[in-house]
Amino acid sequence: MNEVVPASVPVDGLLSVAWLVIVLPLAGAALLLLGGRRTDRWGHLLATGTVVAAFAVALACTLALTERAGRTVSLDLFTFIDTGNLDVTAGLLFDPLSAAFTLLITGVGALIHVYSIGYMAHDPGRRRFFAYLNLFVAAMLLLVLGNSYVALYVGWEGVGLASYLLIAFWHTRPAAATAAKKAFLMNRVGDVGLALAIFLMFAQLGTTSYAGVFGSVGLLAGGTVTAIGLLLLLGACGKSGQFPLQAWLPDAMEGPTPVSALIHAATMVTAGVYLIARSAPLYDATPTARTVVLAVGAVTLLIGAIAGCAHDDIKKVLAYSTVSQIGYMFLAVGLGPVGYAAAIAHLLAHGFFKAGLFLGAGSVMHAMDDSVDMRRFGGLARKLPITFVTFGLGYLALIGFPFLSGWWTKDAIIEAALDRGGVSGWVLGGVAVLGAGLTAFYMTRLMLMTFFGRPRWEEGVHPHEAPASMTAPMVLLAFGSVAAGFLLVSVFPLSGWLEPVFGEPEEAAHLVSPLVVSIVVTIVVALGALTAWLFVGRREVPTTAPARVSPVVTAARRGLYADTVNESLVMRPGMWLTRALVWLDARGVDGAVNGAAAALGGGSARLGRVQTGFVRSYALGILGGAVLVAGALVAVTA
Amino acid sequence: MGAIEAPDLSYAALAPLLFVFGAACVGVLVEAFTPRSVRHPVQVTIALVGTVGAFVATLLLAGTEEVTAAGALAVDGPALFLQGTIAVLGALSVLLFSERALDPARSAFVAAAAVPAGSVRDRELATSERVQTEAYPLASFAIGGMMLFTAANDLLIMFVALEVLSLPLYLLSGLARRRRLLSQEAAVKYFLLGAFASAFFLYGLALVYGATGSVRLSDVRVAVVTEGGSALMVIGLGLLVVGLMFKASVAPFHSWTPDVYQGAPTAVTAFMAAATKVAAFGAVLRLLYVAFGTADWTWRPLVYALAIASMVVGAVLGLTQTDVKRMLAYSSIAHAGFLLTGVIGLGPDGTGYGLAATMFYLVTYGLTTLGAFGLVTLVRDGDGEATHLSQWAGLAQRSPLVAALMSFFLLALAGIPLTSGFTGKFAVFRAAIEAGAWPLVVTALVASAIAAFFYLRVVVLMYFSDPAPDGPTVGVPGMPTTIVLAVTAAATLVLGVLPGAVLELAESAAVFVG
Amino acid sequence: MTITNYLVLAAILFTIGAVGVLVRRNAIVVFMCIELMLNSVNLTLITFARSTGTVEGQVIALFVMVVAAAEVVIGLAIIMSIYRTRRSASVDDVNLLKY
Amino acid sequence: MTDVPWLVLMIVVPAVGAAAVAALPAAREALARQLALAVSLLVLLLAVLTTVAFDPGGERFQLTTSVAWIPDFGVDFALGVDGIALSMLLLIGVLVPVVVGASWRDTPLPRPGRPARSMTAFWAWLLLLESLMVGVFAATDVFLFYVFFEAMLVPMYFLIGSFGGANRQYAAVKFFLYSLLGGLVMLASVIGLYVVSNSQLGEGTFAFDALRQLEIDPNVQKLLFAGFFLAFAIKAPLVPFHTWLPDSGAEAPIGGAVLLVGVLDKVGTFGFLRYCLPLFPDASRDLAPWVLVLAVAGIIYAALLAVGQSDMKRLVSYTSIAHFGFIALGIFAFTTEAATGAVLYMFNHGIATGLLFIVVGMVIARGGSRQIRDYGGLAARTPLLAGVFLLAGLASLALPGTNSFVSEFLVLIGAFPTRPVFTIIATVGIVLAALYVLLMYQRVMHGPPRGVLLVDEDGPADHGAADHGPADHGAGEHGARGGATAVPERGAGGATAVLEAPARARVLAVRDLSGREIAVVTPLVALILVLGVYPQPLIDLVSPAVEATMSDIGVDPGGSTPAAPGSTGTGGTD
């Protein structure tokens, strides 16, 4: 056992019931799904209650954890699979990393449950919706709390399922159904990577538990570690909408907005970051894989930012923004020890402000009869004051307005990237800075098109502020957006808290002083915002997207052709292949069988002709046979 | 001039033969001296007495091993076992002959064979109760000939027995009351080809005699050992085999089988299919094992080839048949092939499981096929039996019992486990594999898979198709047929589930003398 | 004259008979050809009896004659009956049963 | 407890039940099915008691009974179970009552202008089938096994042939002949085995334990192995011997299909484990790569074909073929983990695919058509049905939390160390599984009302517009296979009748699950979830037998990988 994962000490007291965190929402989901219509009236309250309770337990556990030496407890529940060499114990690993995630999930989750009470008030499927939400929370918690890669895998696919169910929540919309299927499939591709990584660990080390694997990383050949790292990365990309598997995330916005906020912004999509951070000991042993992580992060953050600039669908813009922000996090974890804490910090902060932004967007849609087309918005600031303020704070936090969350966490990442030094350092830093500028551009564009300028509403739309159950969470998240970064970086430095997981945070010698970085970044951000104002703030926004635009814009609008590529490389060939195989099976394989039968039948009919019914031909047959027999016998003996 | 010392005849050992031949002769006299009114019951009784008596006699004789009649007859295990089998099958066939409940004219046999078919007189007689009761003595003679055939320890006796069993059959196949043209045609074909084939047998006999100076199987055996196989002798062997294979309806000497089986009265067909096969294979086994057992290198490849030919021809040609009787004829050709697979199983110096297996197979096949043909007599329409397959469609809804029984017999013929057909196949295939002939066995298995198709086709028709509105009716059988069906069905089941006793019997009987 | 000649003669007769069966249409003639085959066999038997110096051959020949006689009886009966029905003794007319 | 002849009872009880039902007059259908239900429940009870009487740690074969049957062939009526066989008996015990419930209201395909046929025979055949299936798994005498193996065909043949869809005759005969051919080739090997034992042990025997001791020459082994393998590969079925299954699966009545795919086909994989590996270890080792090629090819090939199907029952059949590929992979990877996974897979697949078939059957019962394109948007009208459908689908794509995940995961993780390449290819099947399940689910349950739910009068005439994608190619394929399959198939269960009915009636005919249907699916759903979360009891049941099998072929039953440091236990155990 090396120091990366301190040996667990026997668990007692509160921590021994940490499993409640998972079981509570799971029970809620089960109750709502099995209870049927009986639970329609109070189901949503129950669901919200379970998550709140889970948050309470999580908080208590975290506090209890801080008292413990090593701040790590491992909790074995029961034997899941035990045969041959494979021994998988269903158990929990409660350490600072999982604790942080647990708090994020249950905390933001609770708020979004509350929000949904209002948002889904009039939806006939409300019970189902809350059941799925609970299911998601449970699965996500299993993902972050499991003590082995298998447990993680179970949660991993569990959240995939929940995501599928929630994206397809309005399943009578073909678009929703298709988007859900797409999300599940692309996730499955990633899952295969994760699964293979697990197989590889088992084949090499005979175990799949974090403790076991990290304890014997040293025994692995370099190539193997790299392979594992890359396979894990594939899984992470699938779940977190990273290049090349990012195409599903924007489509996922077909789901109800609270879902987008919770699953496709705050929590699930960050699972990839968790996976890589959790596997730090493995990545520390393979610079190659880590470099690939870096590259993926950098590429994705640009893709996301660029695509975000061209969309008019408010949720799609936020979705691409998410893709881009997670790109930052990948970039950070790719940097290694210096970046881990930064990544998690950004992840948590992002959880707050991005959730807040989505909830705000939801409130806007709520006001605009579920329209998402920003070209039909405008001038909503006065109509939706609370939404405007909270959304505005989230916006500032996201673009990295000084002293708000984003500023703290994003700058940390950019610094870390630059500190890498050398060409790669400059390139990555440059990319990160550029990304910040683009972020400022598309977010400002969004703000202006939505809240400022002349109203461009469809007739018959009467915007009104959302009910308290919706605004309250937005307010709370807004506080988070403002304060989270400051708290996580300065007050309770996350790097210190995470020390048991990632080891001592080394104080990197800054090649570029943080101050300079901040100033440069702030300038770039300002430029970005200004450009946005020049584009959409100054002049009238056309209510329909201009058709004749530069190829760059077209590309951006089409998400840099991700779907096009997928279709032409995977979907169409696959369909052709299927078609061909169906034909082959019917004609070829089965054809052979039926053909043989037909041949026999034909042969029979033809042979039957010999049976002419003429005595003399029969006699000839007998004579011929006799001659044959006699001849053969003579031949045999002679 | 010394006194002629007559050859010693052990009448006890000949009891089975005496019973049957006695019954036959008495039957002839009865034809001559009893009024027509009482003939039928009397004839039936006599024939039954003869066959049943013969069966009992074989049981009592069980275990005797002697060569009698100056070495012309060998009364040994195989002979008795097969004689018993033939007696039973004969008795059952006689019962089938005697069925009077099914045909409105109260018999499947013609009133007067001499009357030209289609003539005015013929039409008058068509509905009369008059019956050509000579059928029974003829049958008795045939049965006797068959039993003699299996005991013949001498090529001459074998030839005589061959004729004694054949000639009555030629006549019997011409005696159908319905569709007389077909029946007569069957008789002509069977007769001409039969005579033709026996000529070959006879020529073979002559050549073997020339080569060895004797027609006694034992002497031939000795001669084979001493001077090896001369060309003369192997040709003789070949021609003998031809004659026998013709009777056993083995391809390529099978061509008569479908026509005759279809044309002959169904009861007679049943008799031929069941009993003749037994007799013919009895002779084949004796000839090959006793006379040429030491020179099996001469005939083994030949039998090998014949077996394959027969199985393939039977299975493949059966696929496209549209007439039940004809289909069963091809099935009998295929089964002849399976039987030859057992014949291959002759181990070194007479050991080996082949003999017992083949004999057991003969029992199972005989009983099953008899039952199947027996069922065919039940399905009738306006002009006699409805043998066209299309008429069997949806039979299960008309008469579930008949359909179920038929399916059972067909599954047995296909060799599905828990039926006698499977046990029999298992026995012969085992024998063949022990003799190292596994390619033959694989061929046999594929052939039986193919054959299974046309058996299944009947089942499909009976169960899964809808009956034609003007389909055939299922006659209510009288006591005789009922007995036959009961016995055969029971035997098919018992020999499939608990074959132990009969298998042991066959094994203990599987020793030739002479 | 060696016995070979007799054997060859017999063989030729047998062949003639067999071929006759194949080529002649009239049932009676076909049947006669078969009788010819049987008699050629008799000749063979006698010859071998002579050559091997055993009597069986001649005995068998007698048996064969008897059997042949019996065969004639049966055969003619059958052929007659069908002739009276069809007014033809051609074996090619009797082919209702086929395939 | 152990001295009760449980296995004999499990064979006799349903057989007697079958006889009793068969004896009932055709009119007494209600009584017949009640009797069938009672008997099947009794057998389930027996299965449970058998499991109680069984000691996983004890002898390899337990609850043995042996009576000399055909002494001349050295055949004994010998019964006995190891963990693997027992798990299959449990599967039978669970599935048959469910099938009875699922078929409760089934009626034979109506035939124009004829009175409806009685279902009595159906129940009789069903019970007889159950008895024979028990026999197949419980036999410890190769001859006895073969007898049951072949006899089993007959009831299934009649189930398909008399109670199946429009094209049932073709399917029934194809099923029977295909299996019979395989069986007969196996017979050659069975006899060969006997002859070898005869030469080696002095007197021939079929007793499994005795045969296992034989020292067979490798080349002979290959021949005998081939015989057994062909039979089992057809039964299982492995590509390319699979084409009978889609036809049978599609034409069989739902109950028959469930037992066919759920249990009958397991005889094939069971045969690999019980006969091919222990009796012919050398041949198994030498030929394993080729078997694996078939297995993995089948996983991908069948999955792609499933994607291309337009007929729900055919689709499910193809998914099963893919799953059997996984099972074969697990068996021939020769590691304890993989083999355990394969056995679990056999059990879980029976439950999961059984449920899937039953649910599909419920959809068909409502819409009256097997064509996916005749449905759409059902979830809105029948949420419960949709939920169960989805769960069954997820189980079939092995989602964690369902029982299938455990088995698939075990197979793959166990096969990886010895056969990485095959395993990696097989994992592609995981993605394809998601594809075919979700495609079917989306087309049937999601989207706007379509097909049977379409209220404007053109009914299913909107096929072209209904949906594009593979379904249509599938349809093309059907058309190509001659109207015989395409057009009448729609008639299965009177589809056309329903689809031509006025829209209102048609739509009203689509209701959510009835009480009976809920009762039918509940046990399977429960098993799927319970075994998905806590499979260890089942693993403990089968592990000893699996390890014994592994040692038969000379594989260290300890497991696939040399225990590396840190491998001892996991999680907090250290």
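Start with chains A and D: of the five pairs of chains that touch, this pair has the most contacts, a contact being two residues whose C-beta atoms, placed from the backbone, lie within 7 Å. You're looking at a predicted model, where local features need pLDDT of at least 70, side-chain atom pairs count only at pLDDT 80 or more, and totals for chains, interfaces and linings use all residues. Residues are numbered from 1 along each chain as its sequence is written, while chains are lettered from A and ligands numbered from 1 in the order in which they are written.

No contact joins it to chain D; the closest C-alpha atoms of chains C and D lie 25 Å apart. Turn to chain A instead, where 10 residues are in contact with nine residues of chain C. On the chain C side, those residues are six nonpolar, one polar and two charged (Ala, Val, Leu, Ile, Met, Phe, Trp, Tyr, Cys and Pro count as nonpolar, Asp, Glu, Lys and Arg as charged, and the others, Gly among them, as polar).

Along the sequence it reads α-α-α, with three helices and zero strands (DSSP runs, H or I of at least four residues for helices, E of at least two for strands, numbered from the N terminus). Chain C has a radius of gyration of 17 Å, well over the 13 Å that the globule rule gives for 99 residues, so it is more spread out than a compact globule. That radius is taken over C-alpha atoms, and the rule is 2.2 Å times the number of residues to the power 0.38. Its C-alpha trace spans about 50 × 25 × 25 Å along the principal axes.

Next, select chain B, with 20 helices and five strands.

Zoom in on residues 296–318 and 324–344 of chain B, which are helix 12 and helix 13. Their axes are 7 Å apart, at an angle of about 155° (axes are lines fitted to C-alpha atoms over the stretch in contact, with angles from 0 to 180 degrees between N-to-C directions). That makes helix 12 of chain B roughly antiparallel to helix 13 of chain B, the term for angles over 145 degrees. To see the contact, show residues including B:Tyr304 and B:Met311 of helix 12, and B:Phe338 and B:Leu340 of helix 13.

Notes
Angles under 35 degrees count as roughly parallel, over 145 as roughly antiparallel, 65 to 115 as roughly perpendicular and the rest as oblique.
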